[in-house]
Protein chains: 6
Amino acid sequence: MKYGARNQIHATVTSVKTGDVMSLVKFDVDTPHSMASVLTSESLDELGLKPGDKVALVVKAIHVLPVKE
Amino acid sequence: MKYGARNQIHATVTSVKTGDVMSLVKFDVDTPHSMASVLTSESLDELGLKPGDKVALVVKAIHVLPVKE
Amino acid sequence: MKYGARNQIHATVTSVKTGDVMSLVKFDVDTPHSMASVLTSESLDELGLKPGDKVALVVKAIHVLPVKE
Amino acid sequence: MKYGARNQIHATVTSVKTGDVMSLVKFDVDTPHSMASVLTSESLDELGLKPGDKVALVVKAIHVLPVKE
Amino acid sequence: MKYGARNQIHATVTSVKTGDVMSLVKFDVDTPHSMASVLTSESLDELGLKPGDKVALVVKAIHVLPVKE
Amino acid sequence: MKYGARNQIHATVTSVKTGDVMSLVKFDVDTPHSMASVLTSESLDELGLKPGDKVALVVKAIHVLPVKE
């Protein structure tokens, strides 16, 4: 099974909140992992990112797809 | 500074690949952290997620927003 | 009327579930159509996709924009 | 294998265009299938969707995740 | 023509940069307009937003769909 | 503070609607600003956009990230 996505993080469910149409699930991630971001080369240039820089990676919860294998 | 997003992961840049319009940046995440996913209650029901379950969290790189503080 | 999006699928509403803030609508698609995906060249390389390969195309419902013409 | 997404469409690769950072893949979908959209209840109210209505479903290619099983 | 999206902003093209697979287009927006955001109720609670508060609305360019009428 | 996103719009909260899991916030944008869109070069070619063209920019509310500074 292979996904066309750079980020595949192994996680454990910690809580589930079920709503009328949408639900919110939370997870713990205990193991070191890598992440990838695609952004415009213009934005990259403004950020001036280079190896070793510390950043925050912000991801809206709606963009996180849980897969149960 | 507060973001309207559930996922804010501290990371270190490991590589940068600059393209003509879009660029790809990679990161290491060394510290345990939590994640959150919003999905339809129908999808949640089909997955049958409950605390303790192991999942993969798949996120396209385009949905990851780097922020330099 | 032209959209800056590769995927424009003709569909018929089959059900509507109205929630407090978000709602879920379902559709039938009866006619053959094409789809397009943009992914990183790295992900493409890992998937090794070539013409004739069978795949599943996964799309979160939140990314589907209904337009009534 | 279960995904936390409402839309899972079976498709066949028809073409691949590899770029420097991002790539574009096209697919044929020959079998009838269903689709789902999540939108705000306000947008739903403005569209006035009900069973039997014809719509176009617009999806940017970047939101389509290919999975090879 | 009605879209299932809360944000529909009238804009004028100012520049176009064509890449191998992806392109970047820029626009001017001269008229006052409204915007809408959907976020988790948890994130809203953390932000503590109330009428009159000043915020920045951050949107990745990939999530902006141009439509030519 | 720098974001890896092309669109950063200054706005004022006008209303808040809190739901069970997701909430909807509305804003006024009173000052002229620029916007950017990334789309496939194919879609750009079909739209035929050039400086001076008038378009509508459609953005689902879920893709708008409020940040309080």
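A polar contact, as I use the term today, is a pair of N or O atoms within 3.5 Å, where within protein one must be able to donate a hydrogen and the other to accept it, and where residues adjacent in sequence count only if both atoms are side-chain atoms. By that rule, 4 residue pairs are in polar contact between chain E and chain C, both residues being at pLDDT 80 or more.

Before going on, some ground rules. What you see is a predicted model, in which local features need pLDDT of at least 70 and side-chain atom pairs count only at pLDDT 80 or more, while totals for chains, interfaces and linings use all residues. Residues are numbered from 1 along each chain as its sequence is written, chains are lettered from A and ligands numbered from 1 in the order in which they are written, and side-chain values use heavy atoms, with hydrogens and water left out.

Let me stay with chain E and chain C. Here 12 residues of chain E are in contact, meaning heavy atoms within 4.5 Å, with 12 residues of chain C. The buried area, that is, the accessible area (1.4 Å probe) that two parts lose on being put together, summed over both, is about 1100 Å² for this pair, and carbon and sulfur atoms give 76% of it. If a salt bridge is a side-chain nitrogen of Lys or Arg within 4 Å of a carboxyl oxygen of Asp or Glu, then the count between chain E and chain C is 0. On the side of chain E that touches chain C, strand 1 (2–3) and strand 6 (65–68) each supply at least two residues, where strands (E, at least two residues) and helices (H or I, at least four) are DSSP runs numbered from the N terminus. Strand 6 of chain E gives the most to that side, with 4 residues. By class, that side of chain E has 8 nonpolar, 1 polar and 3 charged residues, with Ala, Val, Leu, Ile, Met, Phe, Trp, Tyr, Cys and Pro counted as nonpolar, Asp, Glu, Lys and Arg as charged, and the others, Gly among them, as polar.

How do strand 1 of chain C and strand 6 of chain E pair? They pair in the antiparallel sense over 2 bridges, pairing being assigned if DSSP finds at least two bridges between two strands. Within this arrangement, C:K2 stands opposite E:K68 in strand 6 of chain E.

Now to chain A and chain B, where the contact takes 61 residues from each of the two chains. Together they bury about 6000 Å², with 60% of it on carbon and sulfur atoms. On the chain A side, A:V38, A:V58 and A:K68 lose the most area to chain B, together 11% of what that side buries.

Across this interface the rule finds 2 salt bridges, and the side chains of B:K68 and A:D53 meet in a salt bridge at 3.3 Å, N to O. There are also 39 residue pairs in polar contact between chain A and chain B, both residues at pLDDT 80 or more. Strand 2 of chain A gives the most to the side that touches chain B, with 11 residues, and by class that side has 32 nonpolar, 18 polar and 11 charged residues.

Finally, salt bridges over all chains, of which the structure holds 30. One of them brings together the side chains of B:R6 and E:E46 (3.0 Å, N to O). Why does this pair join two chains? B:R6 lies in the loop between strand 1 (2–3) and strand 2 (7–18) of chain B, and E:E46 lies in helix 1 (residues 41–47) of chain E, so the pair joins two chains. B:R6 is buried, with a relative accessible area of 18%, whereas E:E46 is partly exposed at 45%; buried means under 20%, exposed over 50%, and partly exposed in between (1.4 Å probe, protein chains only).

C:R6 and F:E46 also form a salt bridge, their closest N and O atoms being 3.0 Å apart. C:R6 counts as buried at 16% relative accessibility, and F:E46 as partly exposed at 46%.

A further case is E:D53 with F:K68, where the closest N and O atoms are 3.3 Å apart. This pair crosses between chains, from the loop between helix 1 and strand 5 (54–59) of chain E to strand 6 (residues 65–68) of chain F. E:D53 is buried at a relative accessible area of 10%, while F:K68 is partly exposed at 23%. Lastly, A:R6, B:K26, C:E42 and C:E46 are linked in a network of salt bridges.
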